[in-house]
Amino acid sequence: MLTQNVIVLGASSAIGRVLAHRAASSGERRVLAVARSEVPESLAPLRGVTCLSGIDLCSEKSLNTLAATAQTVFQGRGPFAAVHCVGDFWRHAPLTRTPLAESLRVVQSNINTLIGAATALTPVMIAAGGGRFVTFSCNSVRHNFPNMAPFTAAKAAVESFTRSLSNECAPQGVSAFAVALSSVATEKVMRDEPNGDHAHYLTPEVVADFVLAQVLTLPHQATGNVLSLFEASPSFFGTGYFDRHPQPA
Ligand SMILES: NC(=O)c1ccc[n+]([C@@H]2O[C@H](COP(=O)([O-])OP(=O)(O)OC[C@H]3O[C@@H](n4cnc5c(N)ncnc54)[C@H](OP(=O)(O)O)[C@@H]3O)[C@@H](O)[C@H]2O)c1
């Protein structure tokens, strides 16, 4: 499947913003940029871009609007891809010092939004002749770092949901894969991880280009996988978690 049609869910996120700009860099593409808050203003004037703001991916009303808009934007243009750049940030903190509401919000924003988006968009994708879902996980699922339990559990659910979706919808031409990221040098992450090996963090640009290559250029796609994306760090395996993330007093 080759497509020039992309939905960026979470277009206000650090990665989503860059991804939407990179996707729109070819005027041939049709890009639907979707955000709960505001889609970055710089996207609106670009050729082929439709912006959809105010979409909470846990709200049925928003999801109906998303499905209807996707149908209109991609009408007659064949398969499309949907990249889920959504999920509230987790600040590294012990579970016992994290308010329950914060943990539940992080879980909901990572997995409930994916289930919502997939429920709304899969029928539209199938009707369009197929497509690809791309989701984001984290290397914390493999390493089970401390101080991240709710976030890691949510990302494990994201990986599991992605695999199941790919198995369920393969006959209808829908593929799905997750990209498990190490730390990405976004403003929030750099603030939260002052002792990280910043020189070897991913950047939103690297992540965006990797995803677009998987989505736009490959005629065939391995599906149901979790692909790990990271920059090899010469100090990562020799440094303990608590050295990188000193415990609060
Ligand atoms: N940055 C990293 O180091 C890293 C590492 C591993 C995995 N990831 C994953 O990669 C993805 C993108 O990361 P990022 O750092 O670019 O994210 P980010 O800048 O923290 O942005 C998170 C996005 O999620 C949106 N969101 C949260 N709840 C939502 C809801 N109910 N409905 C719609 N949108 C909602 C937020 O919208 P608002 O703007 O309205 O708040 C925001 O755009 C996330 O899944 C993240 O977990 C990132």
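Okay, let's start with a helix pair: α3 goes past α5 in a right-handed crossing. Keep in mind that this is a predicted model.

So which residues of α3 and α5 make that contact? On the α3 side you've got S103, V106, V107, N110, I111, L114, I115, A118 and T122. Over on α5, the partners are P150, F151, A153, A154, K155, A157, V158, F161, L165 and C169. Sort the α3 and α5 contact residues by class and you get 15 nonpolar, 3 polar and 1 charged.

Now the geometry. Helix α3 covers residues 100-127, helix α5 covers 149-169, and they pack at an angle of about 15° with their axes 8 Å apart. Angles under 35 degrees count as roughly parallel, and therefore that's what we call α3 and α5.

On to the ligand. It has 27 residues around it, and the closest are S13, I15, R36, G87 and F136. Which elements give two or more residues to that shell? Those are α1 (14-23), α3, β5 (131-138) and α6 (187-192). Our friend α3 from the helix pair turns up again here, but α1 gives the most, with 3 residues. By class, the ligand shell comes out as 13 nonpolar, 10 polar and 4 charged residues.

Last, let's zoom out. The protein has 8 helices and 7 strands. Its radius of gyration is 18 Å, close to the 18 Å from the globule rule for 249 residues, so the protein is as compact as a globular protein of that length. If you want a box for it, the C-alpha atoms fill roughly 60 × 35 × 35 Å along the principal axes.

Technical notes:
Residues numbered from 1 in each chain as written. Predicted model: local features only at pLDDT ≥ 70, side-chain atom pairs only at ≥ 80, totals over all residues. Axes fitted to C-alpha atoms, helices over the stretch in contact; angles between N-to-C directions. Helix = DSSP H or I, 4+ residues; strand = E, 2+ residues; numbered from the N terminus. Parallel < 35°, antiparallel > 145°, perpendicular 65-115°, else oblique. Left-handed = near helix turned anticlockwise from the far one by under 90°. Contact = placed C-beta atoms within 7 Å. Nonpolar A, V, L, I, M, F, W, Y, C, P; charged D, E, K, R; others polar. Near = placed C-beta within 6 Å. Rg over C-alpha atoms; globule rule 2.2 N^0.38 Å.
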